[in-house]
Structure formats: C-alpha cells, structure tokens
Amino acid sequence: MADQPKTAEPARARLSPRKKQQISRGIQYAVLVVALVAVVVWADWGGLAQNFAKPDVAQKALPELFTIALRNTIIYTVSGFVFAFVVGLLLALMRLSPVRPYRWIAIVYIEIFRGLPALLIFIMITFLPLALPGFQVPFGTYGQVALGLGVIGSAYQAEVFRAGLQAVPKGQTEAARSLGMSATRAQFTVVIPQALRLVIPPTTNQFVALLKDSSLVLFLGVSSEYVELAKFGNDLASQYANATPIMVAGVTYLIVTIPLGYLASRLERRKGSAR
C-alpha cells in the first residue's frame, strides 16, 4: 500500500524559539506604545500643570525648601543613621554571642521593632514624657526623630551586620587567635573591619530608607522650625490649595535618593565582581 503524503506542519510549529520570543517582544512593545499614546491623548496636561507644576507656587517654596526642610531632613537622617549604626552593630554582636541572655535580648528587640509600624514607634516616643514623668528626650524634636529613626533602623541594620559578620571566614578569627590575640581583640581588629566593608551596599540602602522614613515627621505636628521635606510640602500645599509644593518636595527627595541608590548599585556590582 502506497505511503500517504505527510501533512505539512502548522506554520506556528515551525517557528524557532528565538522567533517566538521576537514576536512576543514585538507585541509587548506595541501594547506599551498604545498605552503611551492613550495617556498623551487623553491626559489633561493643562489641568495637571496647573495643579502639580505651577511655577509661581513652586517659587514660594524657596529658599526655605533648602534652608529649613532639606536641612532638617538631612539632620534627622544622619542622626538616626548614626544611632542605628552603633546600636545595630551592638545588637548583631549580641545576636551572635555565646551568652544566651544576650542573644535573647537581641532577638526580642529585633523582632519587635521590625514588626511594629514605624509611625507607631514615632507616636510612642512622643508619649514617653507621659509614661515616664520628668523624662525628656535630649535635643527636643531633633532628639525624638533621631530616636525614632534609630530604633527603626537599628533593628534592620542589626541583621545586615549579622550577615556581614557571618560572611567573614572563620579562618580569619582562627589565624588571629593563633597570633596570640584574645577573642575580643580578634573580633574588633579582624572580623568587624572586614564585615563593615562587606555591608557597605546594604548599609547605603538603609540610609536611603531612613531618609524616606524621616517623612513620618509629617504626622507628629511639629512647628515650622522643625519641618522636613514632606511636611513642608504638605503645609504649603494646604496653604495655596495646590499640589505643586508636594511635587517640589518629591523632586528634592529624588535629587538625594537617586544618586545614593546609584552609589549602592555600583558598590553592589563592585562587590560582586571582586568575588
């Protein structure tokens, strides 16, 4: 019996994986172009510019945007970061300590302050004078914000430091001990310096996170002398019934955070290539 002619395979089945990928990518690009065209055509650009980019309202934010709001934001962030750095390193050492009570204290602290909302921590700090009569946080509002950011940041920074300390080869400690160093001296002169170099990229990201968390001052009702970028923009927006100051504050945040994020990415890539 004569062989039947073979049926031709469908055209789709003959497409190579690379061709299928190109078609899929072309469809995605087409959908993206259609979406962008729809936004350009249907958006009320005049209304958006009037409400979010009004030059005369933006001009009213100067120079206080930089001399008060940005200055306070930087002060809050740096002071909170220093607190988080020192306490975070201490917590990491306690978490890795052979002394069990130290480990328990560190674990409880880290789990509590990583689990609580940052805003709730700020509110609790403002109520400390009521809970502890006669107690005042040093440096007033600056001290309260630094304490809030430090408590938040130290819980996360402790885990960053713990990962860095555990990443240092144990042979480094053993070599230091073989040279006659005590365990404490080996930790502080050999292990910790190497760990700090390893955690520079995530620590930079933590600084950026604290910079953004400083916007929680918005909910504390501070006076105009202590406003940071978010509250400054919100107060002006309410005053002029226009969202332009909020956009200006957002752009100012980006001017600071984007270079820091780029620096963290560069350090991360440099760290990866060095391995």
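Guide: Before we start, a pocket here is an open set of grid points with protein on both sides within 12 Å along at least five of seven lines, and its lining residues have an atom within 4 Å of a point. Please keep in mind as well that this is a predicted model.

Visitor: Which helix gives the largest share of the lining of the largest pocket?
Guide: The lining includes Leu-93, Leu-165, Lys-170, Gln-187, Phe-188 and Val-191, among others. Three helices, α8 (140–167), α9 (170–178) and α10 (183–198), each supply at least two residues of this lining. The largest share, three residues, comes from α10.

Visitor: What is the volume of the largest pocket?
Guide: Sorted by class, the residues that line the largest pocket are seven nonpolar, four polar and one charged. The space that they line has a volume of about 340 Å³.

Visitor: How many salt bridges are there, counting a side-chain nitrogen of Lys or Arg within 4 Å of a carboxyl oxygen of Asp or Glu?
Guide: In general terms, side chains of opposite charge can pair when their charged atoms come close. With the cut-off of 4 Å between such nitrogen and oxygen atoms, the count of salt bridges comes to four.

Visitor: How many residues apart in sequence are the parts that Glu-159 and Arg-95 tie together?
Guide: Glu-159 forms a salt bridge with Arg-95, and the closest N and O atoms of this pair are 2.9 Å apart. Because Glu-159 lies in helix α8 while Arg-95 lies in helix α4 (residues 64–95), the parts that the pair ties together are apart in sequence by 64 residues.

Visitor: Is Glu-159 buried or exposed?
Guide: The term buried is kept for residues under 20% relative accessible area. Since Glu-159 has a relative accessibility of 18%, this residue counts as buried.

Visitor: Which residues are linked with Glu-159 in a network of salt bridges?
Guide: The side chain of Glu-159 meets that of Arg-114 in a salt bridge, at 3.7 Å from N to O, and Arg-114 lies in helix α5 (residues 100–115), so this pair ties together parts that are 45 residues apart in sequence. Glu-159 also meets Arg-162 in a salt bridge, at 2.9 Å from N to O, and these two residues both lie in helix α8, three residues apart, about one turn of the helix. Arg-114, with a relative accessible area of 34%, is partly exposed, and so is Arg-162, with 21%. The residues linked with Glu-159 in the network are Arg-95, Arg-114 and Arg-162.

Visitor: How far apart in space are Leu-229 and Ile-74, C-alpha to C-alpha?
Guide: Leu-229 lies in helix α12 (residues 229–240), and its relative accessible area of 1% makes it buried. Leaving aside residues up to four places away in sequence, Leu-229 touches several residues, including Leu-65, Ala-69, Thr-252 and Tyr-253. Although Leu-229 and Ile-74 are 155 residues apart in sequence, the distance in space, C-alpha to C-alpha, is 9.8 Å.

Visitor: Which residues does Val-145 touch, not counting residues up to four places away in sequence?
Guide: Val-145 lies in helix α8, and with a relative accessibility of 0% this residue counts as buried. The C-alpha atoms of Val-145 and Ile-74 are separated by 12 Å, the two residues being 71 residues apart along the chain. Beyond the residues up to four places away in sequence, Val-145 touches Tyr-76, Phe-122 and Val-217.

Definitions and conventions. Residues are numbered from 1 along each chain as its sequence is written. This is a predicted model: local features need pLDDT of at least 70, side-chain atom pairs count only at pLDDT 80 or more; totals for chains, interfaces and linings use all residues. Side-chain values use heavy atoms; hydrogens and water are left out. Helices (H or I, at least four residues) and strands (E, at least two) are DSSP runs, numbered from the N terminus. Buried means under 20% relative accessible area, exposed over 50%, partly exposed in between (1.4 Å probe, protein chains only). Contact means heavy atoms within 4.5 Å. On a 1 Å grid over the protein atoms alone, a cavity is a set of points where a 1.4 Å probe fits but cannot get out, and a pocket is an open set with protein on both sides within 12 Å along at least five of seven lines; lining residues have an atom within 4 Å of a point. Grid points are joined across faces, edges and corners, and a volume is the space filled by probe spheres set on the points. Ala, Val, Leu, Ile, Met, Phe, Trp, Tyr, Cys and Pro count as nonpolar, Asp, Glu, Lys and Arg as charged, and the others, Gly among them, as polar.
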